[in-house]
Amino acid sequence: KMLTGKGFVLLYDKKTYVAAYSGKVDLKEKNSELNISRVCVMEEVTQATGNVEFDGCVYVKGDVGRGIEIKATEDIVIDGGVEATNIQCGGNILLRQGMNGIGKGYIEAEGNVEGKFFEGVTMDVGKDVRANECLNCCINTNGSVTISGTKGVLAGGMIQTVKGVETYQLGNRAQLATILHIGVNDRI
């Protein structure tokens, strides 16, 4: 069966596919779609390395410092901790250690956003948000917000979600204002 997609060429034998550039391979067998995305791999992103803007996927093995901007046309994956920074992408965002935005962090993604925790972050998300903790965040999503774990906490900030919220604990004893808008968001 012939494959469709981008980032490769089909040789004359009509059986051999060769990548047009180095990158991330994604094969969706259901519809025979092969996509090869460009990948930018960095050890860390700080003021010394500067901002990152890349046509493809961005993978950061370490931490991302305060005041940085990372923009990618596809997915972004960060293994280390993320301080107050601006992250925008046309795909999904995975922050393995989470983000402490101290009220200045911003995330914008057309796909899903997932992290260990989010604190003081403003998010504009096309699909779902998943975390173990979410404190003092402003989240606007067309999907759902899921705070997982037996001690998952969603407290403070404003959550606007079209598809709902799932969490173990909503709000806190200190009566930190936690505002939910479910079934509608600013986009609608």
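Predicted model: local features only at pLDDT ≥ 70, side-chain atom pairs only at ≥ 80, totals over all residues.
**Stop one: the core.** Start with the largest nonpolar core, which has 34 residues. Select Ile-107 and Phe-118, the two that touch the most other members. Now colour strand E15, residues 117-125. Strand E15 gives the most to this core, with 4 residues. Nonpolar side chains tend to be buried together in soluble globular proteins.

**Stop two: the rings.** Select Phe-8 and Tyr-17. The structure holds 1 aromatic pair, and Phe-8 and Tyr-17 form it. The geometry is edge-to-face, with 5.4 Å centre to centre and 75° between the planes. Phe-8 is buried, at 17% relative accessibility. Tyr-17 is partly exposed, at 25%.

Next, pick Tyr-21 and Arg-38. Arg-38 lies over the face of Tyr-21, at 3.9 Å from the ring centre.

**Stop three: the cysteines.** How many disulfides does the structure hold? The count is 0. The cut-off is 2.5 Å between sulfur atoms. Cys-40 is buried, at 16% relative accessibility.

Finish at Cys-138. Its sulfur is 7.6 Å from the closest cysteine sulfur, in Cys-137, so the two are too far apart for a bond. Cys-138 is partly exposed, with a relative accessible area of 37%.

How values were computed
Residues numbered from 1 in each chain as written. Heavy atoms only, no water. Core = buried A, V, L, I, M, F, W, Y, C linked by side-chain atoms within 4.5 Å. Buried < 20%, exposed > 50% of the residue type's maximum accessible area, 1.4 Å probe, protein only. Helix = DSSP H or I, 4+ residues; strand = E, 2+ residues; numbered from the N terminus. Phe/Tyr/Trp six-rings, centres within 6.5 Å; stacked < 30°, edge-to-face > 60°. Lys NZ or Arg CZ within 6 Å of the ring centre and 35° of its normal.
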